[in-house]
Amino acid sequence: MTVIYAILIFCLLIFVHELGHFIVAKACGVKVNEFALGMGPAIFKKQKGETLYALRIFPIGGYCAMEGEDEDSEEPRAFNNQPAWQRACVLAAGSFMNLLTCVVLLIVIAFWVGTSTTTINEVSDGSPAQKAGIVSGDTILQVDGKKINEWDDLIQSIGYSENDKADITVERDGEEITLTTELEYSKETERKMIGITPTSEHRPGKAVVGGIKNTGSMTVMMYTILKQLFTGEVSVKELSGPVGIVYATNQAAKSGLMYVIYLAALLSLNLAIINMLPFPALDGGRLLFLVIRLFTGKKVSDETEGKIHFIGICLLFALMIYVTFNDVIRFIIPIF
């Protein structure tokens, strides 16, 4: 199942990325020579119009090969002959599709798990909440006079309170009751708790909001890690390649399908962000050259840009070999 999950995740994320380039390229009238999923020899090919559609044997990549993408072309519909704004849209479309995929997957998770409400589902035996008289079915309205609108508000008000006690106002059978509870520090969660769990609701609207918010939080986290990589706070040795992803897929599969979906969302967002970095061969690098050529004209030819991107691809392959070697040392060798 690990292998199946890993292949499905690879294929899904690469497919939606290249599909983004393909859809926008077609919409802009760019000639697409080939749309392929996978790398290596083709196991299925079909020519439809001007485009060859192919399924290739190794599920580790894919591409949308456009006329004039990496070379000079006299074809009027070639990528290099289109207006700058259209080329920018085509280049950004792949990462946008991965971002959208992340949002959709996190919405699915949010709907599946449900959104925590401020109504209490269970009160742990012997907990501070039970001793204070809080019962299942109570809806928390305020903590120390501060209004509670959602479960995260409650976590912030109780979990990171500087006090040892809290006055909690609850609604019970249509009446408001204020109870005083002790706050108990949990080493596991590294915050204060009172021993309650919330009820969950499965509403599409709430799931959409939750999926978007979680995507935003995940994006901030990834940019923080990238910043730490550049400042040296995080070692390059911590990076993972295909082997590390398969290992992570295995760990997620042990926990259940929901964790596999979450991993797919995380990797999709990772692919979106990494592809927009201003490095040769990446979409961000191509966008950078697009901006440069807006100011320099044809001083940088399509052929020269193509050579620089080729060098970028070689460097990326070298990085992949490096991280794969580290992954083997970290994840494969210890097994034996």
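What radius of gyration does the protein have, and what would a compact globule of 336 residues have?

## Overall shape

In this predicted model, the radius of gyration of the protein is 26 Å, whereas a compact globule of 336 residues would have one near 20 Å.

The chain forms 9 helices and 10 strands. When contacts between residues at least 6 apart in sequence are taken together, 62% of them join residues at least 24 apart.

## Surface, burial and charge

Of the 336 residues in the protein, 39% are buried. The accessible surface comes to about 19,100 Å², and carbon and sulfur atoms account for 63% of that surface.

## Glutamate 50, between β1 and β2

Glutamate 50 sits in the loop that runs between β1, residues 32-48, and β2, residues 51-66. Its relative accessibility is 28%, and because this value falls between the limits of 20% and 50%, glutamate 50 counts as partly exposed.

Apart from neighbours within four places in sequence, the residues in contact with glutamate 50 are Lys26, Val30, Lys31, Val32, Asn33 and Arg77. With one of these, arginine 77, the side chain of glutamate 50 makes a polar contact of 2.7 Å. Lysine 31 is 19 residues away from glutamate 50 along the chain, and the C-alpha atoms of the two are separated by 7.5 Å.

## Threonine 118 in strand β3

Threonine 118 belongs to strand β3, which covers residues 115-123. With a relative accessible area of 13%, threonine 118 is buried, since buried means under 20%.

Setting aside neighbours within four places in sequence, threonine 118 is in contact with Asp138, Thr139, Ile140, Ile148, Asn149, Glu150 and Trp151.

If residues up to four places away in sequence are not counted, asparagine 163 touches Asp144, Leu183 and Lys192. In the case of leucine 183, which is 20 residues from asparagine 163 along the chain, the separation between the two C-alpha atoms is 7.8 Å.

## Two loop residues with positive phi

Most residues other than glycine have a negative phi. Aspartate 173, in the loop between β6 (165-172) and β7 (175-182), has instead a positive phi near 55°. Its relative accessibility of 78% is over 50%, so aspartate 173 counts as exposed.

Glutamate 190 likewise has a positive phi, of about 60°, although it is not a glycine. This residue is placed in the loop between β8 (184-186) and β9 (191-193), and at 57% relative accessibility glutamate 190 counts as exposed.

## Leucine 106 in helix α2

Which helix holds leucine 106? The residue lies in α2, a helix made up of residues 84-113, and with a relative accessibility of 3% leucine 106 counts as buried. Beyond its neighbours within four places in sequence, leucine 106 is in contact with Gly211, Asn214, Thr215, Met218, Tyr262 and Ala265.

Aspartate 144 is 38 residues from leucine 106 along the chain, and the C-alpha atoms of this pair are separated by 33 Å. Aspartate 144 is also one of the residues that asparagine 163 touches.

## Glutamate 305 in helix α9

Glutamate 305 has its place in helix α9, which is formed by residues 302-332. Is glutamate 305 buried or exposed? At 11% relative accessibility glutamate 305 counts as buried, because the value is under 20%.

The contacts of glutamate 305, with neighbours within four places in sequence left aside, are Arg286, Phe289, Arg293 and Val300.

Note on methods:
Residues are numbered from 1 along each chain as its sequence is written. This is a predicted model: local features need pLDDT of at least 70, side-chain atom pairs count only at pLDDT 80 or more; totals for chains, interfaces and linings use all residues. Side-chain values use heavy atoms; hydrogens and water are left out. Helices (H or I, at least four residues) and strands (E, at least two) are DSSP runs, numbered from the N terminus. The radius of gyration is taken over C-alpha atoms; the globule rule is 2.2 Å times the number of residues to the power 0.38. Buried means under 20% relative accessible area, exposed over 50%, partly exposed in between (1.4 Å probe, protein chains only). Contact means heavy atoms within 4.5 Å. Accessible areas come from the Shrake-Rupley method with a 1.4 Å probe; for residues, only the protein chains shown count as cover. A polar contact is a pair of N or O atoms within 3.5 Å; within protein, one must be able to donate a hydrogen and the other to accept it, and residues adjacent in sequence count only if both atoms are side-chain atoms.
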